[in-house]
Amino acid sequence: MKNFKSLITLSTVLFLSASCVTNPESKSHSLSENGQNVRISWDYNTYQEMKLVEVENKGYLEKNLYYPRIKKLSNGRLLMSFMNDHFGWDAFVRHSDDEGKTWSDARMIRQRFDAQSSVGDDQIVFVNPDFIELHDGRILLAYQWRYRKGYNDLENTNENCGIEIMFSDDGGKTFSQPRRIYLGRCWEPAMLQLPSGEIQMYITDSNEVVNSLSQPCTMLIRSFDGGETWQGKDYCTYRDGEIISRTFDERGSYGGMPSGVLLDDNYGIAVPVEIWSSRFKVDQTPVIVRTDMDVNWYSDQSIRKEGGPGYPYKKQLNKDFTGFGPYSAKLPSGEMVVLSNGVYKNQQAIWVFIGNRKADNFRFPTSPFEGYWGSIDYIGDGKVIAAATYEYKEADESRACVKALIGRLNYAKEISKGDIEMAPVAQFNREKNDYWFLGKETPGSVLTDFGYTDEYFIVATYLFDKNLIAYTPENSDASTVLLNRKTAKGDCDSYKIVVNANGEYVVYKEETSSWKLIEKGKNNDVEVIGTINNTNDEDMGFGAKLKIDWNLLGGKPQNKEVFRAHLRHHYKKDMKEGPIFATIEDLAGENSDYPQDWLEITFK
């Protein structure tokens, strides 16, 4: 393997579109009322499919994993709960101590057993396990219990179903004996704890059945004593629950699969809800249901008969999306994110939307993978983890696995005047940094940061790839940045820069929707670890610092001036120079032709 290390300094420019940007006085990680200054970029190299897991306390290999919930605990551990059938039947947990890279064996915490129900000989099964870490460090886990046959004995269905809870004092290693706290036909409990200590459990309430069709709604029960009592009782029922959302049409009622987020700045609580029953759905699903903090869901309960709440306290997640199985989380900067399986602009997949700090304006959709019944959580170091169920066939047998993928958070940047010190490629910490990341579609990845001086706009970029290939600048493994800036005259200029491992670069200026070449060259001051165009070894990648003369960008920026930038990654799969061109990956969730979608760079 060949190594040669030095520094590259290129006077270059980036990309812009004909659409102009405004110049609000924003800060990195800050948000306008309706804006989201963060994007999720999924990391190809963290993808997992969990198809088999050893069940340590039962001595067998589980082949079906459904309904994953993965969350980070305060001790840094990731805890995962799941079940082993489309409709149950047993509940499990497992954990990871290395951010999901490896996972422990599973532990069965609830196992189906034979019992007598209203229909006679029956079996109790356990479904939809989910959990929360409470303020005191305990883990509260809840799930549906039901009689397998008795659940469909509609006259007695509300006596044949309910919710149990369990507690763990040791980070999910062991759990207490189960305790029933709720009776009634239901699905999908999920919990949220408020700063006051109040625990809210959101439930799909399906206690009403008309003409053999469930008439669901979304309700909650509360605990004010750490989960000992609910609605002030040791054991409450569907008659005690508080309805928070119900949607009616001429066919019936809809609503369920809730999960809650406590919004920042005392703005309230928001819950995504799917709008469907076992047979029907409505056009706008899922929706976001919100309550003001001073209201805290308390209402006159007219929602049960009349539907509600009204707009804007219940509104569609996104106008171009129809989905189900939503799950929510909150980022440290306050934005709410929602994961849901469904169709976005005719593409079926798991989709993740980013809302603002007020649980509104959900945009910038990205898709980690195909699947359903998923979850999402922030796991630290600027990362989220998404998980979902995926069904497949193996030897003509229907099976289900858990897919999981980590996403990096790219935040808008406020940059101070000064050069950027780049670490050598081999020493750059790819896991913990504040560079923007791109690398979902291919094994290669690009990380990029920005700086400036009075003379230059600076782009610091690393490209990691095990097989570096370089032909023309764009038909290579190459790093590209797109930039948008409004000029002093009020016009918009557009530029593009591409640089590869050879240090070859090209600069274009956009004129009437085409690129005009304005500069090209080669600079050998680029650090490469590996050998270019050689498949006989394994490379690491290259690093480059690009210094762009402000004269090429319309002059030095004013204080608090805002650019918008967008990443691209050129990826060559093999050594063929032609006719196959490099694959071009854009930062997901943004439209490369619409700079208003791009992240901001503010100069200070």
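## Pairing strands

Two strands count as a pair when DSSP finds at least two bridges between them. With that in hand, let's start at strand E43 of this predicted model, where Ser-514 is the bridge partner of Glu-511. E43 covers residues 514–522 and runs antiparallel to E42, with eight bridges joining the two. The hairpin of E42 and E43 has two residues between its strands, and Thr-512 there takes a positive phi near 45 degrees.

On to E41, residues 492–500, which is joined to strand E42 (residues 504–511) by five bridges, again antiparallel. Here Lys-496 stands opposite Tyr-508 of E42. E41 and E42 also make a hairpin, this one with three residues between the strands. Gly-503 in that turn has a positive phi of about 80 degrees.

## Confidence in the model

The average pLDDT of the protein is 92, and 94% of the residues score at least 70. A stretch to treat separately is residues 1–33, where the pLDDT is below 50. Beyond near neighbours in sequence, that stretch has 147 contacts in the model.

## Strand E35 and its partners

Which strand is joined to E35 by 12 bridges? That is E34 (residues 383–394), which runs antiparallel to E35. Within this pairing, Ala-386 stands opposite Leu-405. E34 and E35 form a hairpin with two residues between them, and Ala-395 in the turn has a positive phi of about 55 degrees.

E3 (residues 38–42) is antiparallel to E35 and joined to it by five bridges, with Trp-42 opposite Gly-407. E4 (residues 48–50) pairs with E35 over three bridges, also in the antiparallel sense, and there Gln-48 has Ala-404 as its bridge partner.

## A six-stranded open sheet

Elsewhere, six strands make an open sheet with mixed pairing, in the order E11-E12-E13-E14-E15-E21. Its edges are E11 (113–117) and E21 (236–237), each of which pairs on one side only. Inside the sheet, E13 (residues 139–147) and E14 (residues 161–168) run antiparallel and are joined by eight bridges; Leu-141 has Met-166 in E14 as its bridge partner.

Is Ala-115 buried or exposed? Its relative accessible area is 18%, so with the cut-off for buried at under 20%, Ala-115 counts as buried. Not counting residues up to four places away in sequence, Ala-115 touches Gly-120, Asp-121, Asp-122, Gln-123, Ile-124 and Tyr-147.

## Nonpolar cores

The largest nonpolar core has 35 residues, and those with the most contacts inside it are Leu-140, Tyr-182, Met-201, Ile-221 and Trp-230. E14 gives the most to this core, with four residues. Met-201 is worth a look in the viewer: leaving aside neighbours within four places in sequence, its contacts include Ile-163, Ile-165, Ile-181, Met-219, Ile-221 and Trp-230.

Apart from this core lies another, of 34 residues, among them Leu-463, Phe-542, Ile-548 and Phe-603.

## Aromatic pairs and charges over rings

The count of aromatic pairs comes to 28. One of them is Trp-436 with Phe-450, edge-to-face at 5.1 Å centre to centre and 75 degrees between the planes. Trp-436 lies in E37 (residues 436–438) and Phe-450 in E38 (residues 445–452), so this pair ties together parts that are 14 residues apart in sequence. Both Trp-436 and Phe-450 are buried.

The rings of Phe-563 and Phe-603 have centres 4.8 Å apart and planes at 70 degrees, so this pair is edge-to-face. Phe-563 is in E46 (residues 562–571) and Phe-603 in E48 (residues 599–603), so the parts tied together here are 40 residues apart in sequence. Phe-563 and Phe-603 are buried too. Trp-436, Phe-450, Phe-563 and Phe-603 belong to one aromatic cluster, which also includes Tyr-452, Phe-457 and Trp-550.

Finally, two arginines lie over ring faces. Arg-39 lies over the face of Phe-364, at 3.5 Å from the ring centre, and Arg-146 lies over the face of Tyr-151, at 5.4 Å from the ring centre.

How values were computed: Residues are numbered from 1 along each chain as its sequence is written. This is a predicted model: local features need pLDDT of at least 70, side-chain atom pairs count only at pLDDT 80 or more; totals for chains, interfaces and linings use all residues. Side-chain values use heavy atoms; hydrogens and water are left out. Rings of Phe, Tyr and Trp (its six-membered ring) pair if their centres lie within 6.5 Å; planes under 30 degrees apart count as stacked, over 60 as edge-to-face and the rest as tilted. Buried means under 20% relative accessible area, exposed over 50%, partly exposed in between (1.4 Å probe, protein chains only). A charge sits over a ring if NZ of Lys or CZ of Arg is within 6 Å of the ring centre and within 35 degrees of the ring normal. pLDDT is the predictor's confidence in each residue, from 0 to 100. Contact means heavy atoms within 4.5 Å. A nonpolar core is a set of buried Ala, Val, Leu, Ile, Met, Phe, Trp, Tyr and Cys residues joined through side-chain atoms within 4.5 Å.
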